[in-house]
Amino acid sequence: MDDMDDHSTTPRSHPARPLAPKADKDTVRRHNLSLVLRAVHDESALSRAGAAARTGLTRAAVSSLADQLIRGGFLTESGKSFSGQAGRPGTMLTPARTGAAGAGVEVNVDYVSMCVVDLAGTDRVRLTEHLDNRGEPAADVLARAARIAARALDSAAEQGLHPVGVELALPGLVSQGAVRQAPNLGWNRVEAGEMFSEALLLLRPNSPALPVGSDNEANLAALAELWFGGPDGRVDHFLYLTGEIGVGGALVVGGELLRGAHGFAGEIGHVVVDPDGPECRCGSRGCLEQYAGQLALLRSAGLDENAGMPGVTELERRARAGDESALGALADAGRTLGIVLSGAVNLFDPEAVVLGGIYRTLMPWLAPAADRELTRRTVSGLWPPESGRLRASSLAGDAARGAAARVVRRVLADPLAYG
């Protein structure tokens, strides 16, 4: 056999991958229904002609698909659009404000927050309770969360909304509905999704069981930031850092979460600042959250480290008043954040670093020291403080809303599955 024959033969040890089956008419229509629904969702309101231009489908096809989505309760018609061109004005399509919706529950160390959003992504129900969950049995914490969720679901039903699923936003390492480790809650190998689902079903025995998913709370907060963004405009490559009692992180690359091999990427709170530093609940020493987490900040400022959000509010008040202890604590935390973040920036080259959680309100006092370290240590030289690459998260960028919006995204991807 000559060289050409040898190179053109597929080795038996590496068979070609099977191709996906040919798409049938039903599969194509499901795909196109999703295209139209997502186009309207992304624009908030869109005419049939506009949807045709956005999707590349014919106007006749869009009209048929839109009518089906209206009958299914996913879209509504409202108002008229005037393009300035000849012809009749077009009726505007908008996401339905009733019907299918998403629900998200954030379970954190010192609070539980529940959010319901409609198909437009609008926050329609919000309940938050400040609870000290440290040291409490996981089953009790998740039962509390289920009680809050049940109230929120009842409120949503009164508005004609019917969440098709619940997503849990949980601190720590989360995989397939289970919390592998949540050091600040003291949880290890907790089947959180199953526990929450069972507790919710007991509270709503006459309602159908809702699918329950889960993810790390920083991941879901980062997705909320990606989807709902702030006035600085959307970025598709960013590092999200959330400050709570723990410090969480998430990486968004090309508009998608970077999860890592086991789904645990982004645990920046446990990057070691000093190997001989204070012992961390994760079992290591000198982790970032021991220097820049909520407890460390309050302690360093001379406040009660267990004061929770009232303590953070007092820290902010003192900083505004020029209190030296408060300003010093925030400057030290900002410097440490800048050092750790510079390593992440050099490794991943994000467009921006977004600070959420308590860092959002404390940004004016954290940012100067953090920016100085980033400017000094970012090897590309592309981090002048005036660049705006270090920014506060938007008000919409919270984990409960990101969790609820993820459920809505499933509806947008396949509305027929929820019709």
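This is a predicted model: local features need pLDDT of at least 70, side-chain atom pairs count only at pLDDT 80 or more; totals for chains, interfaces and linings use all residues.
Figure 1. The residues that line the largest cavity divide into 6 nonpolar, 2 polar and 1 charged, and the volume they surround is about 60 Å³. The lining is made up of Ser-197, Leu-200, Leu-201 and Arg-204, together with Ser-207, Pro-208, Ala-209, Leu-210 and Val-212. Helix α6 (residues 192–203) gives the largest share of this lining, with 3 residues. In the structure as a whole there are 3 cavities of 30 Å³ or more.

**Figure 2. Lining of the second largest cavity.** For the second largest cavity, the space amounts to about 60 Å³, and its lining residues divide into 4 nonpolar, 6 polar and 1 charged. Among the lining residues are Gly-172, Leu-173 and Val-174, as well as Asn-216 and Asn-219. Gly-249 also takes part, as do Gly-263, Phe-264, Ala-265, Gly-266 and Glu-267.

**Figure 3. The open sheet β8-β9-β10.** Three strands form this open sheet in the order β8-β9-β10, and their pairing is antiparallel. The edge positions belong to β8 (173–175) and β10 (187–190), each of which has a single partner strand, so one side of each is left without a neighbour in the sheet. From one strand to the next, the twist averages 15°. Strand β9 (residues 178–182) pairs with β8 in the antiparallel sense over 3 bridges, and within this part of the sheet Val-174 stands opposite Val-179 of β9. Val-174 also belongs to the lining of the second largest cavity.

Figure 4. Leaving aside residues up to four places away in sequence, Gly-243 touches Gly-356, Gly-357, Ile-358 and Tyr-359. Arg-372 is 129 residues from Gly-243 in sequence, and the C-alpha to C-alpha separation of the two is 20 Å.

**Figure 5. The largest pocket and the elements that line it.** The largest pocket holds about 550 Å³ of space, and of its 27 lining residues Tyr-111, Glu-244, Gly-357, Arg-360 and Asp-398 are the closest to its centre. At least two lining residues come from each of β6 (123–129), α7 (217–228), β12, α10 (308–320) and α12 (358–377), while α10 provides the largest share, 4 residues. By class, the lining of this pocket comprises 9 nonpolar, 10 polar and 8 charged residues.

Methods: Residues are numbered from 1 along each chain as its sequence is written. Side-chain values use heavy atoms; hydrogens and water are left out. Two strands pair if DSSP finds at least two bridges between them. Axes are lines fitted to C-alpha atoms, for helices over the stretch in contact, and angles run from 0 to 180 degrees between N-to-C directions. Contact means heavy atoms within 4.5 Å. On a 1 Å grid over the protein atoms alone, a cavity is a set of points where a 1.4 Å probe fits but cannot get out, and a pocket is an open set with protein on both sides within 12 Å along at least five of seven lines; lining residues have an atom within 4 Å of a point. Grid points are joined across faces, edges and corners, and a volume is the space filled by probe spheres set on the points. Ala, Val, Leu, Ile, Met, Phe, Trp, Tyr, Cys and Pro count as nonpolar, Asp, Glu, Lys and Arg as charged, and the others, Gly among them, as polar.
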